[in-house]
Structures are given as C-alpha cells and as structure tokens.
Amino acid sequence: MTQAVLDRPVARERAVPRRRRAGRGTGYLFLSPWLIGVLVLTIGPMIASLYLSFTDYDLFDAPRWVGLDNYATMFTRDDRFWHAAGVTARYVGLSVPLKLGLALAVAMLLNRARRGAGLYRSAFYAPSLLGASVSLALVWRAMFSTGGTADRVLAAFGLDTGGWVDQPQFALLAVIALAVWQFGAPMVIFLAGLKQIPKELYEAAELDGAGALRRFRSVTLPMLSPVLLFNLVLETIHAFQSFTGAFVVSSGRGGPSDSTLLYTLYLYQRGFTDFRMGFASAMAWVLLVVIGVLTALLFRGSRRWVFYAGEGR
Amino acid sequence: MNGRFGVRAGLVAAVAVTLAGLVTGCGGGGAASGPTTIRFVWWGNEDRAKVTKAAVELFMKDNPDITVQTEYAAYDAYFQKLSTQVAGGASPDLVQLDRATLGEYQHRHVLEDLSSFVGKTIDVTGIAPALLAGGQIEGKQFAVPGGQTTQMLAYDPAVFTKAGVEPPSGPGKSWTWAQFGESLRKVAATGVAGTTDFGWAIDWFEVWLHQHGKQLYTGDGKLGFTAADLTEFWTLTGDLRAAKGVTAPEVTTKMDGSMPNSGLVTKRAGSEINYDSSLSAYLSSYGPGIKAAPLPTDGQASGMAAMPPVTFAVAQRSAHKDAAAKLLSFLVNNPEAGKLLGVARGLPPNTAIREQVCGAAQAATKAVCDYEKSVADRIGPATGLWPTGSAAVKRDFQRVYDDVIFGRTSVADGAARVVQTAQQSLGS
C-alpha cells in the first residue's frame, strides 16, 4: 500500500525533468516515517474499527457481522450511553470556557509583566506539561478525597463538602478542575496573539477616550479572535477526547454513581471490561462524527465573530 | 488553513479513539524445547506478591530451564490489563481468575482445557473434590483452585470492646441479624461506623440468599433471586445506614476489595465483611489486632460456603503450556511452596499441605486456620461456578447500589434495575 502511494505522483508527472523527479522521490523517502505512521497507526486502525463497529467482537473470538445492531442498541436501548453523553456534554461545556477564560486572563497579565516574565510564563505553563500524566491525576484524587487537602482547606473556610471525588454531585467538578488547571497551552498561544496586536491601535483608542474595558472589547477581542477560534476548536476536541483524568480519579469506574462516566471512559469499559469491542468501535465512530460536526459548526459560526486583519471589513 | 486544520484535527480525534481497535492477532504456537520463559500474573496486595515471588523463585531453582516472569496488580487494573494483553496477542501463560471471571474467560476461549494435563503435569489428587469442582466447567477442568476461603467479618476487637460488644468467636458461636445490627449501632455511638456497608457486593448478598434457601444463580446459569429479595436485603443495609451502623456513601462507593480503599483499613468502620483469604492482608494493613467472626444468621444455615478465592488457569494462546502447567502444579502441591505461600490465597488447596501449614501456624496463618476451624461444621460445600455474564452482573450490582446509597434511586427501583440488567447480561 505504501508503495502504491509513493509511485502514483511519479507516474503522473512524466513531463517533469529527470532531476526534479528524483528530488520528488527523495522527498517522499524523507516523508516515509510519517507516511508509514499514518497508514499503519491511523488509517489502518480506523478502517479496522469501522469494520468492527458492524460486528459483535469480544476481543478473543473472531468478529461476527451484525450490521447496524451496535448503532441501534446504542441509540435506543442503552441508558448508560445517553448518560455518558450527558456527562461529557457537561464536562465540555464547563471545562472549555473556564479553561479558555483562565488562559486569556493569565495571558493578559503576563503580557503586561516586564520583570521575570519568562519565569512566570514557565511557571504557568508547567501544569500543562505535567497534567496529562497519570501520576498527577493520582495526586488529584488524593487531594480531593475525603480528608484530603482540598477537603480540609474548604472545611477551614466553613465549606464542609467532604471529599469531592467521593460524591456524585462534586466528582465531575474535580475532574473539570484538573482539566482547567492545565491551561498552559492555550495561554501561551493567547500570549503570542496578544504580542501581535499593534500598540498603535491601543494608543489610538486611548486618544479617543476608550477605557480599559472598551479597549479590551473593541481592540483586544477582535484582534485576538482568530487565535481564540483556534484555541476554542482545539480545546473542544481535546475535551471530548479527555480520558485520563476521569479514568484515574474514578479508578476506571466512572463513579461515584456514574457521575464521571465520560464518553471515552464508557467506550473503554464497553471494549475492555465488557468485551464488546464492536460496540466500542461504533461508539468511537459516533464520537468522531459528533466532533467533526461540532468543529464544522464552530468554523461556520466563526464567520460572524472572527476578524482577520486585511480582509477589508 | 482552516479547512485543513479541521481535517487534521478530526484525524487526530480518530487516532485517539480508534487506537483501541488496533488488535494484532498473533499468539499460539507449539511448545518449544530448551530454555523457556513464561509469564505468571495475579492480582493481590504486596504480601501476596512477596510470598508468590518467593515460591516462583523456588520453582525456577528446581527448574533451571524455565524462567518465570511475574506481574501483579490490584483487582480492577489486573483484569483491564489481562483482557488487553490476551487480545493483543501478548497473553500471559499462567493466569489467576476468580468465580466471576473464570466462566467469562472460558466462554470466550481464552483458557486451555487442563484435562490432558491432569494426572500428568498437574496433580490434583491432594485437593478435595468439592473444592476442585470450583475449577470445572461442564465436567472439564479449566482451572485449579489456588486456595480455599469462606466469608467472614473481619473486626477490630478494640473498637467493639470500647462499645461494650463482643462478636462471637470460636466453635459453635454465632449471632443473629438483630444482634449484629444492635452491635453495629452500639459501635456507631462511639463515633465510627460499625461495619463497612455490605450492600455493595453481590458476594455478601449471596450469603444472605443462601440463608433464605435461595441462590444467586441457578444450576443452568439463570438468575436465582427476585427484585423482592434484593429489596429486602438492601432495606436491611439501608436501615443500618440510617442509624450510622454502616459506613456513609462516600466510603462505601470506594469499595473494590483492595486494602487502601477498605472502610476498615481507612478506619471509617470497625469491621468489614470479606473472604478470609483477605485476613492476612487486613492484619498487615490495619494492624495485628484484627479478628474474624462468622456472618450473622437467623436460621440454622450459616449461608457461608467453602470455595476457591482464586483459581489458576493456563492460557490457550500460551506457547509454553507444559511449563505453565508445571508451575501451576508446583504452586498447589509443593510442600516448600505451600510453606512460603501460607494463607496468601486462603487455606492451601492441597489437604496435606493445609494440615502442615496450619500445624505450624503463627500470626496471620493461625488466624485464618483458627477461623476456618471454628466454622468448619457450618460452612456449606463449594457453591457452583458463577455463569458467563456474572462479572457484568457483579459490576452492575455495585453501580446500582451507588445510586441507592447516594439517594439517586429508591431501593425498589434499584433492585428492579439489577434484576433487569442481570437477565440481559446472563442472556448474552
């Protein structure tokens, strides 16, 4: 399969002089690690999972074709599927705005700082480097469990909530907090975007008598909107795929009382605990379609609020 | 740029979620001669790991041509890892299973039928037939018991004495559910729950069912109880919870059989129902004071039963089944191994080794031997294997109970849901 992909462009472009053709081959050769990676680790498994989604496959025995059964079961007879979708919607809906808001706020603070800016930038970015790790999620679980640090600090302020991760009404908040805390990546991107905004615009606005809030609304936000869209799309996709935090905090169970059962976690349980890999594959494809549609909607909606300099609007 | 980004991101999304589908199908293969390496995996705590590794060392000394790699994890993590490894073609050779999972894995053709090994590589003559049956499915030996266990109430005598309560101990001593509940309430008055809420595990419901002449599963793998039975049982625990006799929901929801999450070990409860194969783990995790008492009963039947806490099985995809079978037989029958393993998986399955181990028993071993001896005349024969689907039933049982204790559903609705989903799980 790799060979076919490599050959095609060469065959089509016969008119290209010999030297340039050779150069092309070398180019593909240099690309090959990536190409092989995409074919073997992305396209291949995707096709396999699309096939599996139409089968009853228990991981051990050969898959058995069942047509659309998995999809039908999912939408009509599986309460936990809808529950997991609801939990995920809540997770995405809360974590993405909170994370982006925090990232923007910190980026604006850092944009102003003169002395020690590099140090602060690194310090705020650090959680993102650590955040995806399992060990940190373990620390999170310990912190938010009954008698943990968070419990004691809140109790000291008279908020006796008990351990967040042990109670259904708070557990998802603990997982969201873990995600929001890793605001480093969007923060750095916001910071880069803020640095790109010409100083003259602020000066002009100030001369016109615009206050800080007005400057933020009429200069910063429009100028930053392409970056905001980029971060929004990226973080939304990330949030839908989020798995580690909820998995570790709930010991893989999505509890207490299914309150942290993210879509990906349920998918994982279906595949590896209930041995319903066909069903899990179908869930994966539904998620892919949902993310695709939402991303398309975000781009479509963005035409109304994203401002690209030089568009002459 | 935007369009490309969308496709790219979608692709990234797809990789993340479909990587799970990457399944390579290599495994099997014939037996190799010469030096072989096999993998032996189990779940359990540090104590169990320490003695098991020591026994494996001994095996390797006796069999220099076999190298054994060992892996262990906590219960949930163990099974997540095991299924992934088997599906990925990296199956371990010797695996540890329990009642809920043996049928599941056999049904899915993961396990080797040991019939051809029994009498040759694997010696089962020292194991009582009733216990040995715990590894048989439809008359075929798919697994061999790694021990014998029965249910118990592990308790801290100091906590109970402080409340002026003395749980029954010794031959012929027992208590009723009313006495039990009263004791828990008295303990609760001292500021700690009497026991960990025992409504979480279907295992303890099984004991209660036995006491009422019923069973969890019928002989042909169907559900043996009704929603009304479960409602009665969960009402019993619910009343105790209201009186703080059993632990609060946030403690109960963590229960998974592991010591770090145990209500007793975390000192949120003065006692806990468990299998006595865990007694040594309690003794090392909580402290040397822990004692074992029989479960309460209102009638003649104690409801408790002797059963294998774990069984050992050889993977069908193992390339070195002979070596794996040899290790299995060694763990079960070798006197020196038996001495090392002690009661890490309950009483030794081999009767001769059991007598030897209990004869020289000290500390944890003695506690298990003494308890088993005190209830020996009351425990029923090994109850049958749980059917395929029972692992899902067990998980659903605990999940629904979470909803019940957090007040998200009523006891009656929850019980009905358990019965309904269980029928689906068993039917598939």
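Of the 313 residues in chain A, 45% are buried, where buried means under 20% relative accessible area, exposed over 50% and partly exposed in between (1.4 Å probe, protein chains only). This is a predicted model, in which local features need pLDDT of at least 70 and side-chain atom pairs count only at pLDDT 80 or more, while totals for chains, interfaces and linings use all residues. Residues are numbered from 1 along each chain as its sequence is written, chains are lettered from A and ligands numbered from 1 in the order in which they are written, and side-chain values use heavy atoms, with hydrogens and water left out.

Chain A holds 14 helices and two strands; helices (H or I, at least four residues) and strands (E, at least two) are DSSP runs, numbered from the N terminus. Its radius of gyration is 24 Å, well over the 20 Å that the globule rule gives for 313 residues, so chain A is more spread out than a compact globule. That radius is taken over C-alpha atoms, and the globule rule is 2.2 Å times the number of residues to the power 0.38. Along the principal axes, the C-alpha atoms of chain A fill a box of roughly 70 × 70 × 35 Å.

Over all chains there are 22 salt bridges, each a side-chain nitrogen of Lys or Arg within 4 Å of a carboxyl oxygen of Asp or Glu.

| Residue | Partner | N to O distance |
|---|---|---|
| R108(B) | E104(B) | 3.0 Å |
| K321(B) | E112(B) | 4.0 Å |
| R241(B) | D197(B) | 2.8 Å |

R241(B) lies in helix 9 (residues 227–242) of chain B and D197(B) in the loop between helix 7 (177–188) and helix 8 (202–211), so this pair ties together parts that are 44 residues apart in sequence. R241(B) is buried at 17% relative accessible area, and D197(B) is buried at 0%.

One network of salt bridges links D78(A), R270(A), D274(A) and R395(B).

On the surface, R114(A), R121(A), K195(A) and K199(A) gather in a patch of positive charge. Patches are made of residues with over 30% relative accessible area and no salt bridge, like charges being joined within 9 Å and nonpolar side chains (Val, Leu, Ile, Met, Phe, Trp, Tyr) within 5 Å. R121(A), in helix 5 (residues 117–131) of chain A, is partly exposed at 31% relative accessibility.

How values were computed. Accessible areas come from the Shrake-Rupley method with a 1.4 Å probe; for residues, only the protein chains shown count as cover. Lys and Arg count as positive and Asp and Glu as negative; His and the chain ends are not counted. The place of a charge is taken as NZ of Lys, CZ of Arg, CG of Asp or CD of Glu.
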